[in-house]
Amino acid sequence: MESPEAEALTHSERKDNTTPSTSNASVRGEDGPTMPKKASLKRTNGKSNGVKAKKHKKARVSRPAGLGYTVHQGEDMLLVISSSTSQYDGSAWKPPKKGGKKKKLIKGKVKANQTKKKQTVRAVPKLTNRPVAKEKEESNLFVPQKASDQRWGESLPEEVLISIFQMVVVQDGAVPFLCRVGQVCRLWNAAAASAVLWRNVTVGHCWIAPGKSQLPKTEKKIKDTFNWLAQNRFSQLRDFSLCHWSKNVPFAVEIVSQFCPHLRSLKLSYCTGLTATAFHTLALHGRSLESINLQYSEFQVEGLLEYLENHGRQIKQILFTHGSKNDRLLTAITRGNCPDLELLEVNTKLDSKGCELPICIRALQMACPKLKTFRMLNVRPLHKMMRNGAESTSGFPLLEELCIATTSYSYMTDKDLMDILFGSTRLRVLDLRGCSRITPSGLSTLPCLELECLFWGQYFSSNVGLPSPKNGLHMVTQKWSRTLQQLDIGNQLFTEEDLEMAMSHLVLSTEADTLRSLNLSGTRITPAALRPVIRQVTALSYLNLSSCRYFSRGLKRIYRGQEDIRQLLDKLE
């Protein structure tokens, strides 16, 4: 009897070490091979799980006694569940249907305990739930209780709405803002319909999906909308701009000409397809038109030439882009078709090549004696002589701004500049960026005595190998030290001594507070020469010291604002 009992004990110990659901040998011997499953279920509920169940009951009893509720965190809220409805009440651990290993059961219980501990930790911040409820309760106090409180927009005076709309129109434009606010209510519609708000209108292109054409239905809708606006909103239209229209450009110009008798300015930017018929309609109805801007747009030059021949006397501003056909406009202007012209601007794209523009300055001076602004942007003017030999005796006596800026090589010399400005005593702005052949001595001999802005920097120029003037800047600053407000000499290779002398003239002037902007990028300016300027010119609010070789790396930057410049002075001292 001892050997069978020993074998049974050893056998039971082996089974206990391998699987928790197996029984000892004595029970197996009595019940046979079909009884172990039932015996394992009874023993797992009783013996093997007795200690764990007690620990589980203690934890389950302690939780509702301490807190009385559990907190679960969802996606967008916190759920507080009381102990009476807790999901842990009445729940008992049940073994899996299939017998598993003892290690897996232990891991599962440890994970369950960890999760429960985490839940108890999350339940501790009890105060976090109360502010949320208070905020919700307090927010309800500000909700209007009456329907009349929600109609505050209808109680405003119409004059106040018009003033508010006017500020938005100045910043963002009339379209589509006024069209949208007019759909809010009757009061807003009446305010948005005020003709004062529709004096300056810019209409952009209608968006079309890439690779698709405009459908006929959409095109008809655009025409109907534009026609309605012209008849009902454009009665006092002064300035009209059309941008990025590739179709219906003649229709828009004709409608605006017919229904806008006060039209003064017409601007077409990046538009195509303007015909001679549109110019003919503009001539019939646009009696008040003074400005035409056709830059970067395609149009029939013949139609515009005919318009200038018949109605050029009323035009005061013309802006167009340089081109093989568009240059005929400059010829028509020099023939005297626009005697009252005050602004002439000819430009081209920055990446354009072959931007030479033949022009007879003498003929232009005789044809447009009232010219105040003359700009040739990124265009190299080629001076031509008059055939009859007649010369202008007055030049441009009213000229206030001359711009001959370019990003490439310029043929402008001191003699050419004097031929343009020999009679311009009222000149205020002179832009010579890229004109490397102009010298300080040539600038000092100009007849204008009250120049306010001089832009003479060298940017993106292809004439890198050409020598720049080394001396003479002090003559320029001495001549206009009383009136200069903006000075740009970026990348000009003047010597250190000349720059120091030029800065001293700006400081010694009795009206030193006029200078507001100074660009010295890429020059040889020294801290000693710049220090007096910063100290005494109190109105200086812009200073460019980028790429200045005599300054440390941290100081080579752009300074904006008087406070920023004052901090630079502290670092230099």
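Guide: Let us begin on the surface, where Val160, Ile164 and Met167 form a nonpolar patch with about 260 Å² of accessible area together. This is a predicted model, in which local features need pLDDT of at least 70, side-chain atom pairs count only at pLDDT 80 or more, and totals for chains, interfaces and linings use all residues. Residues are numbered from 1 along each chain as its sequence is written, and side-chain values use heavy atoms, with hydrogens and water left out.

Visitor: Why is Met167 called exposed?

Guide: Buried means under 20% relative accessible area, exposed over 50%, and partly exposed in between (1.4 Å probe, protein chains only). Met167 has 58% relative accessibility, so it counts as exposed. Met167 is found in helix α7, residues 158-172; helices (H or I, at least four residues) and strands (E, at least two) are DSSP runs, numbered from the N terminus.

Visitor: And how do you know that Gln492 is buried?

Guide: The relative accessible area of Gln492 is 2%, so it is called buried. Gln492 is found in the loop between β15 (486-488) and α19 (496-508).

Visitor: What makes the approach of Gln492 to Trp456 a polar contact?

Guide: The term asks for a pair of N or O atoms within 3.5 Å; within protein, one must be able to donate a hydrogen and the other to accept it, and residues adjacent in sequence count only if both atoms are side-chain atoms. Here a polar atom of the Gln492 side chain lies 2.7 Å from the backbone oxygen of Trp456.

Visitor: What makes the pair Asp224 and Lys220 a salt bridge?

Guide: A salt bridge is a side-chain nitrogen of Lys or Arg within 4 Å of a carboxyl oxygen of Asp or Glu. For Asp224 and Lys220 the N to O value is 3.0 Å, so the pair meets the rule. Both lie in helix α10 (residues 216-232), four residues apart, about one turn of the helix. Asp224 counts as partly exposed at 43% relative accessibility, while Lys220 counts as exposed at 53%.

Visitor: How many salt bridges does this rule give?

Guide: The count comes to 14. One of them joins Glu356 and Arg380, at 3.7 Å, N to O. That pair links distant parts of the chain, with Glu356 in strand β9 (residues 356-359) and Arg380 in strand β11 (residues 380-383), 24 residues apart.

Visitor: Why is Arg380 called buried, and why is Glu356 called partly exposed?

Guide: Arg380 has 14% relative accessibility, so it counts as buried. Glu356 has 32%, so it counts as partly exposed.

Visitor: What makes Glu450 and Arg428 a salt bridge?

Guide: Their side chains meet at 3.3 Å, N to O. Glu450 lies in the loop between α17 (440-444) and β14 (453-455), and Arg428 in the loop between α16 (414-421) and β13 (429-431), so the pair ties together parts that are 22 residues apart in sequence.

Visitor: Let us go inside. What makes a set of residues a nonpolar core?

Guide: The set holds buried Ala, Val, Leu, Ile, Met, Phe, Trp, Tyr and Cys residues joined through side-chain atoms within 4.5 Å. The largest one here has 120 residues, and Leu430 and Leu443 have the most contacts inside it. With contact meaning heavy atoms within 4.5 Å, Leu430 touches several residues, including Leu402, Leu417, Leu443 and Phe455.

Visitor: Which residues of α16 are buried?

Guide: They are Asp416, Leu417, Asp419, Ile420 and Leu421. Their cover includes α15 (361-367), β11, β12 (401-403), β13 and α17.

Terms used
Patches are made of residues with over 30% relative accessible area and no salt bridge: like charges are joined within 9 Å, nonpolar side chains (Val, Leu, Ile, Met, Phe, Trp, Tyr) within 5 Å. Accessible areas come from the Shrake-Rupley method with a 1.4 Å probe; for residues, only the protein chains shown count as cover. Lists of a residue's contacts leave out its neighbours within four places in sequence.
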